[in-house]
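Please examine the sequence and the three-dimensional structure shown below.

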Amino acid sequence: MANGDKWTAVGPAQVGFETQTGTFTTGARISGRETGLVAACEQSGSGVVGTGRGEARPGVLGSSTSNNGVGVKGEALTGPTAFGVWGVSNNGLAGFFEGDVRVTGDFEVEGNKSLALRMDDGTRRLLYAVEAPESWFEDLGFGELVDGHARVTLDPEFVAVTEDAPYHVFLTEYGAPSGLYVTDRTTAGFTVRSTAGSDTRGEFGYRVAALRRGPRPERFAVRPARSKPGSGD
């Protein structure tokens, strides 16, 4: 029935509004200048329940035809264990993205982080990330000994994103062993020297590991296990 500027379904009833699936192609089409549909559950329940039937048919489909629009946005702004978006799948994938993904915030995984690399034979093989209890950045390169020493200059962009603190340098000799070692470590670079004499020449590789610049995360930080929404744990 009409009530002022709104239509209100007066109960009591199990369903406030219902259409027959065999009668309409689209059960309801609702438009508004600000919001097309506002749905709320006054008690414990869901604001919107959508059910899709058929392979790859979504229960809820959100799309935006506007420039820089957003298809679906989930918000949960209250409580330390709130979930903006909750995806569940017992057999398939809880989430699937076609396109780039950006995360502004911490990213935690209770499982393996892997790259699915496509091989020449068409198979996809998993490569796993190296893990560490602290946040490290690494850079690799080659150098050449001349007269028994070489000065290696660190990439300025690598320096800009790492801590102004001692860093690790790992050396690999390519050719006859000449007893390489590192001296004069500075924020700009380091020197590689040989114990075999001042006339030593040869190629070497290096790997530099430095702590990421910024707030240093706690080493082996403890994270409480998060229960699924509504579990009460």
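## The largest nonpolar core

A nonpolar core is a set of buried Ala, Val, Leu, Ile, Met, Phe, Trp, Tyr and Cys residues joined through side-chain atoms within 4.5 Å. Buried means under 20% relative accessible area, exposed means over 50%, and partly exposed lies in between, with a 1.4 Å probe and protein chains only. The largest nonpolar core has 14 residues, of which Y167, F190, V192, F204, Y206 and V208 touch the most other members. Two or more residues of this core are given by each of β6 (149–153), β9 and β10 (202–211). The largest share, 4 residues, comes from β10. Strands (E, at least two residues) and helices (H or I, at least four) are DSSP runs, numbered from the N terminus.

Contact means heavy atoms within 4.5 Å. When neighbours within four places in sequence are left aside, Y167 is in contact with L154, R185, T186, G189, F190, V208, A209 and A210.

## Basis of the model

This is a predicted model, in which local features need pLDDT of at least 70 and side-chain atom pairs count only at pLDDT 80 or more, whereas totals for chains, interfaces and linings use all residues. Residues are numbered from 1 along each chain as its sequence is written, and side-chain values use heavy atoms, with hydrogens and water left out.

## S194 and T200

Strand β9 (residues 189–194) contains S194, while T200 is found in the loop between β9 and β10. S194 is buried because its relative accessible area is 9%. T200 has a relative accessible area of 10%, so T200 is buried.

A polar contact is a pair of N or O atoms within 3.5 Å; within protein, one must be able to donate a hydrogen and the other to accept it, and residues adjacent in sequence count only if both atoms are side-chain atoms. The side chain of S194 reaches the backbone nitrogen of A196 at 3.0 Å, and that of T200 reaches the backbone oxygen of G197 at 2.9 Å. Not counting residues up to four places away in sequence, S194 touches L145, G148, S178, G179, L180, Y181 and T200. With its neighbours within four places left aside, T200 is in contact with residues including V146, D147 and S194.

V146 lies in the loop between β5 (136–145) and β6. V146 counts as partly exposed because its relative accessibility is 35%. Beyond four places in sequence, V146 touches T200 and R201. The C-alpha atoms of V146 and K73 are 59 Å apart, and the two residues are separated by 73 residues along the chain.

D147 is placed in the loop between β5 and β6. D147 has a relative accessibility of 44%, so D147 counts as partly exposed.

## Positive phi angles

Most residues other than glycine have a negative phi. D147, although not a glycine, has a positive phi of about 55 degrees. N68 is not a glycine either, and its phi is positive at about 60 degrees. N68 is located in the loop between β2 (6–7) and β3 (114–118). Its relative accessible area is 71%, so N68 is exposed.

## The second largest pocket

On a 1 Å grid over the protein atoms alone, a pocket is an open set of points with protein on both sides within 12 Å along at least five of seven lines, and lining residues have an atom within 4 Å of a point. The second largest pocket has a volume of about 1,700 Å³, where a volume is the space filled by probe spheres set on the points, and grid points are joined across faces, edges and corners. Of its 31 lining residues, A28, I30, L37, A39 and V48 are the closest to its centre.

Conventions. 1 Å grid on protein atoms, 1.4 Å probe; cavity = no way out; pocket = protein on both sides within 12 Å on 5 of 7 lines; lining within 4 Å.
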